[in-house]
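Okay, thanks everyone, let's get going.

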Amino acid sequence: MPLRNISLLLTLILSSLSHHNRSSNFNLFNPLPFHSHTHHRSSMKIMVAIKRVVDYAVKIRVKSDKSGVETQNVKMSMNPFCEIALEEALRIKESGLASEVVAVTMGMKQSVDTLRTGLAMGADRAIHVETSGQLYPLSVAKLLRALVELEKPGLLILGKQAIDDDCNQTGQMVAGLLNWPQGTFASKVVLDKEKQVVTVDREVDGGLETLCLDLPAVITTDLRLNQPRYATLPNIMKAKSKVIKKFTPQDLNVEIKSDIEEVQVTEPPKRKAGVIVSSVDELIDKLKNEARVI
Amino acid sequence: ISTLVLAEHEGSSLKIQSVSAVKAAKSLSKDNSISLLLAGSGPGLHEAAAQAASCDPSVSQVLVADSDEFSHPLAEPWAKLVRLVQQKGGYSHVITTSGSFGKNIMPRAAALLDVSPITDVTGISEPHLFVRPIYAGNALCTVRYTGVGPCLLTIRATSFPVSPITSDSKSNEASISQVDLSTFGEDSVGKSRYVKHTSQDIERPDLGNARVVITGGRALKSAENFKMIEKLAEKLGAAVGATRAAVDAGYVPNDLQVGQTGKIVAPELYMAFGVSGAIQHLAGMRDSKYIVAVNKDADAPIFQVADYGLVGDIFDVIPELLEKLPEKK
């Protein structure tokens, strides 16, 4: 995306000018949606789960043996919904309502790259649960529950879905396992530290639903929640010295088992070639008499 | 095989998508005993239950959970209810639709039952073999459920189309019974509270469920010009969509975005104006039944998926369409 590259370049230029300038610029364009009347240092920790996926701009290719989608030599990135989740956590921390943001991920060795991106965006530290083989949401939710029990965050924020498997399950599942309230598909999050509640606007079919949840709670993010920042060069450098803790599922006493099996992955049926019409009248005629849709 | 369908109702009527869930249940197996679960509170619930009892002859029973806890579709009590009813009835399958209601509740219920749910199912070939789109529909994945517990599914209503509910099939009414909530417990009460619901413009159908969607791209050039798309949508009783480029340019709010990271739509008629057809946009609308594309650029990729293409200037075409299209019935 050219727009993305331009703003990355701009961020890099701005960051080389002065740190103060950059942060005031940032606040100007992204007013924080929180009541930040509590300016004292909070002790609440926020955990953010992130996933490494095929970059959203890549045209995916189904493998000819139908075993899956080609992921070798393909650009991988942080799932866009996870970027939004991390951005929200960082904004809550910057408004003084949280003390620490911990980014966590599960998966193979290379997932560490995505954690580094998260650290460069501003997460304080990271945890990687290294696994091999296919990992389904139920196992991810169990691993997350174990990490939550270890770290005791006040909020767990996740993207509403990953753009690879499109499951849209993990947040709801970990909330169920923890018996925490859930605010899924959030487009606005307002934290009240005094009352220990979080108010969430949710994108539901045909409108917005507002819920008030007791902390601790699970939130999953929708697109409208915020516009994630880009990692700046100094922060990319800084991220290199931040800590990434490693666990195995065994360390966390989680048994990875699966009750679903991917049988095959195929290409969707191709659309049959259409026709080019020459006028509005012809178009209306086709829609009325051939397709019968108007 | 026995299936519990978690149904949705609005006021006193059963949602049409829930009848699609019944249709999906019927395609699991010929000898499937289907029960419908409705929850809520007040008289509207019971009217909806009566409607549910005659919505399809294959529904053998309607279960009603009437409690203030279910006045709003909060995931915490509803997921517990699904677990309770599933465990009492020993259903092999639980199905609901893939809207924001089902996606919110079903995975949580699955976690409580310690099973993997399968979401967004578009095809059922065997009682435990399903097809679902991945990568925003750019690939289809066939999944087998191998667990010993119940199989929990959310289905895409557009893949299991049904005709509107008619209440003339009174001869086949299923029995209606109340769910015993005495063992429901109260540990989830109060952790999550409903505050309010803000409806969209009620004049216009919801983007996710609309029969017709009219989409504008960056070629509209301004928020002011985008109003032409809205006018056209009004005329056709359609929902309005936008490309990521149009959203990024600030013509319309983000919730109108159709694409891989926006809304996935599959209407009967999708009309794209000034849309080039970026991969991530095509991913959000490629399952539409009929696609119309209007674009100045004859080489725009959108024409490769369009059933009817018209090469022309949208600023000429849209006014002409506004003039010549018949009013919606």
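This is a predicted model: local features need pLDDT of at least 70, side-chain atom pairs count only at pLDDT 80 or more; totals for chains, interfaces and linings use all residues.

I'll begin with chain A as a whole, then go to some strands, a cavity, and a few spots in chain B.

Of its 294 residues, 56% are buried. If you take the contacts in chain A with a separation of 6 or more, 72% of them come from residues 24 or more positions apart.

Now zoom in on strand 8 of chain A, residues 197-204. Why do I call this strand largely enclosed by the rest of the structure? Because seven of its eight residues are buried. Look at what sits on either side in the pairing. Strand 7, residues 182-192, pairs with strand 8 of chain A in the antiparallel sense, over six bridges. To find your place there, A:Ala186 has A:Arg202 as its bridge partner. Those two strands form a hairpin with four residues between them, and A:Gln196 takes a positive phi near 60 degrees in that hairpin.

Strand 8 of chain A also pairs with strand 9, residues 207-214, again in the antiparallel sense, this time over eight bridges. Here A:Asp201 has A:Thr210 as its bridge partner. This hairpin has two residues between the strands, and A:Gly206 has the positive phi, near 75 degrees.

Okay, cavities. How many are there of 30 Å³ or more? The count is three.

B:Tyr135 takes a positive phi near 45 degrees in the hairpin of strands 9 and 10 of chain B, which has four residues between the strands. Strand 9 of chain B, residues 129-134, is mostly covered, with five of its six residues buried. Six bridges join strand 9 to strand 10 of chain B, residues 139-145, and the two run antiparallel. In that pairing B:Arg132 stands opposite B:Cys141. On to the other partner: strand 8 of chain B, residues 123-126, is joined to strand 9 of chain B by three bridges, also antiparallel. That pair forms a hairpin too, with two residues between the strands, and B:Glu126 stands opposite B:Leu129.

Staying in chain B, have a look at helix 2, residues 43-53. Which residues are buried there? They are B:Gly44, B:Leu45, B:Ala48, B:Ala49, B:Ala52 and B:Ala53. As for that spacing, an α-helix has 3.6 residues a turn, so residues three or four places apart point the same way. The cover over those buried residues includes strands 2, 3, 4, 5 and 12 of chain B.

Last stop, B:Arg211. This residue lies in the loop between strands 13 and 14 of chain B, and is partly exposed, with a relative accessible area of 41%. Leaving out residues up to four places away in sequence, B:Arg211 touches B:Pro267, B:Glu268 and B:Leu269, plus A:Val293 from the other chain.

Definitions and conventions
Residues are numbered from 1 along each chain as its sequence is written. Chains are lettered from A and ligands numbered from 1 in the order in which they are written. Side-chain values use heavy atoms; hydrogens and water are left out. Buried means under 20% relative accessible area, exposed over 50%, partly exposed in between (1.4 Å probe, protein chains only). Contact means heavy atoms within 4.5 Å. On a 1 Å grid over the protein atoms alone, a cavity is a set of points where a 1.4 Å probe fits but cannot get out, and a pocket is an open set with protein on both sides within 12 Å along at least five of seven lines; lining residues have an atom within 4 Å of a point. Grid points are joined across faces, edges and corners, and a volume is the space filled by probe spheres set on the points. Two strands pair if DSSP finds at least two bridges between them.
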